[in-house]
Amino acid sequence: MKNRINKELISNIEISEDMKNTIYKNCIKGKRTADFRFRYSGVLSALIAVAVFGVCSLGASAAYVGVKARLANMDETEYQNYATEVSKDDFVSTDEGFSRELTGSEIKRIIAMERKYYDENVFPEENMAHYQTKAEMGENELAYIVADNIVYLPEKDMDDEQLLEYIDHDAKKRYVNIRELKEEGIEPGQNMALESTPLSEGSIEYKTRQAGDKFLKEYFGQELNDSWIVLVDIFEEEENRYGEKMTLGILHYYQTGTGYATSYDVYINADDMSLLSIQKGGYGSVIDSKKYTYAEAESFVKECEEIAREKVKAEFGLENPDEVTYDLEGLSVEAGKTATINYEMRFDDRIIYAEVRIEDKEILLLSRF
Amino acid sequence: MKNINRDLEAVIENYSDMLYKICFLILKNEQDTRDVLQETFLIYYTKKPDFKNEEHKKAWLIKVSQNKCKEFLRFHKRHAAVPLDEMEETLVITDGLNGNDRDLLSVIWDLDYKLKSAVILYYIEGYSIGETAEILKTSPSAVKKRLQRAREKLSGKYKGELAYEK
């Protein structure tokens, strides 16, 4: 009585040979997907740290010298502990490596604390404890348990020292992971560096970066300092959803850390340097914002829609959409609540996406791509 | 394809179609599906995990791809999910299906992630409740609840009998 669904139901959904070839080639190159939407994943984010901690020069920030020294000076036992931990990983999502999710308050504090760790060299007094079994753990302790390959977090919110140990553990694990991979001859792809993409003046990458920085300042007032890492990718002859070909420039802006902080993605048509999409993302973009139940958020739908429409008109010259749909399940750190409303506006031959933060009506995403 | 890495080549050849079907059904557009598959195989390539057997490998790949789908659905909704009838304009999805199955696919297409992933793994891929729970990182009772809710939604359109093992 188990399975009564026709097995042929999805037989028409088939991957093309072209797509298989593309995936294969990209994997061999170690190339990640173009839009970096997977930056939250544990293993891959671990992969990308090589340029900062491992083999390459430190381009991003002088403060990294201190972090690098700390990581490079791990003693053999500690290094081997991390190497064992890395080798046992079979999960891909960061959350799976921990006994519980971080609370909103912990995420907020980690975002601030990791800047102290990476930019001001504020390190924990102790290393995170490593035990063979959970039985060895004390109450409210933060520790990595070898037998479970899981970091157990205390039931109550971590204190500052524990947060620093958490950040330190993350940094060390990445460092060791990268070193181990390097020894296996696995090079990170060009998109995996945690130092900004090197740019030659006058190149299309350089011009795209300049345009991206301008949009970032204009839209979000974000000034960049040397703790920001900016990756620039250019894709020639890229086709958008409407079949139009263009030189696509994708910029990803972020700061080194556990991945919760605010980051930005900017898509640019590099043929004319016009904006295709700009997004403020990461928990950092909503962590301090008021969260609303879906029922509460419903009452802001019209107001936020008007603001989104005005922005779409101002930026893309499009008005009076044929259809507007919205989605309340935006990025949030509280179950059943949201801080944003997403809109999809359908015009004659275009679809525009916009995300509005409810509390202050800031547009977090605007996209015509 | 050049034989730069025969193992990667083989695993893409053997499993990409299966993963593509599952992820496409969940993400409902081609671009996101391609991205999820690329990330999945990249992890396979860089991690080089050890597997007990082919079934273990298959389950691992599904698990990784499901995590990726989930991450995508959770954090980014950049590419719109395309309605089934609209998708049919460019890709043949329901050709050869009878009316009942066509309706069923249409309802599955519109289920939310939690229900849909359970339905795909249990009813289409044939995994047990326990295996489905393992892949989706949830409990068997949660899977049963999801299947129950999915059946309630499916029952309006689909006249066939869907049940699960006790």
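Is N320(A) buried or exposed? I started there, keeping in mind that this is a predicted model. I counted 9 other C-beta atoms within 10 Å of N320(A), so I put the residue down as exposed. I found N320(A) in the loop between α10 (301-316) and β9 (323-327) of chain A. I also checked the backbone: N320(A) has a positive phi of about 50°, though it is not a glycine. I noted that because most residues other than glycine have a negative phi.

**Another asparagine**

Which loop holds N140(A)? I traced N140(A) to the loop between β1 (129-131) and β2 (143-145) of chain A. N140(A) is not a glycine either, and I read a positive phi of about 55° for it. For N140(A) I got 13 C-beta neighbours inside 10 Å, so I wrote it down as partly exposed; the exposed class stops at 12 or fewer.

**Strand β6**

Next I went to β6(A), residues 263-269.

Which strands pair with β6(A)? I have β5(A), residues 245-255, antiparallel to β6(A) over six bridges. On that pairing I marked I250(A) opposite Y267(A). I also have β7(A), residues 274-281, antiparallel to β6(A) and joined to it by seven bridges. There I noted L275(A) in β7(A) as the bridge partner of I268(A).

β6(A) and β7(A) make a hairpin with four residues between them. In that turn I picked out M273(A), which has a positive phi of about 60°.

**V356**

Last stop: V356(A), which I located in strand β12 (residues 351-357) of chain A. I counted 28 C-beta neighbours inside 10 Å, so V356(A) goes in my list as buried; the cut-off for that is 20 or more.

What does V356(A) touch, leaving out residues up to four places away in sequence? I wrote down C304(A), I307(A), A308(A), T340(A), I341(A), K361(A) and I363(A). I followed up on C304(A), which is 52 residues from V356(A) along the chain. Their C-alpha atoms are separated by 6.3 Å.

Note on methods:
Residues numbered from 1 in each chain as written. Chains lettered and ligands numbered in written order. Predicted model: local features only at pLDDT ≥ 70, side-chain atom pairs only at ≥ 80, totals over all residues. Pairing = 2+ DSSP bridges. Helix = DSSP H or I, 4+ residues; strand = E, 2+ residues; numbered from the N terminus. Contact = placed C-beta atoms within 7 Å.
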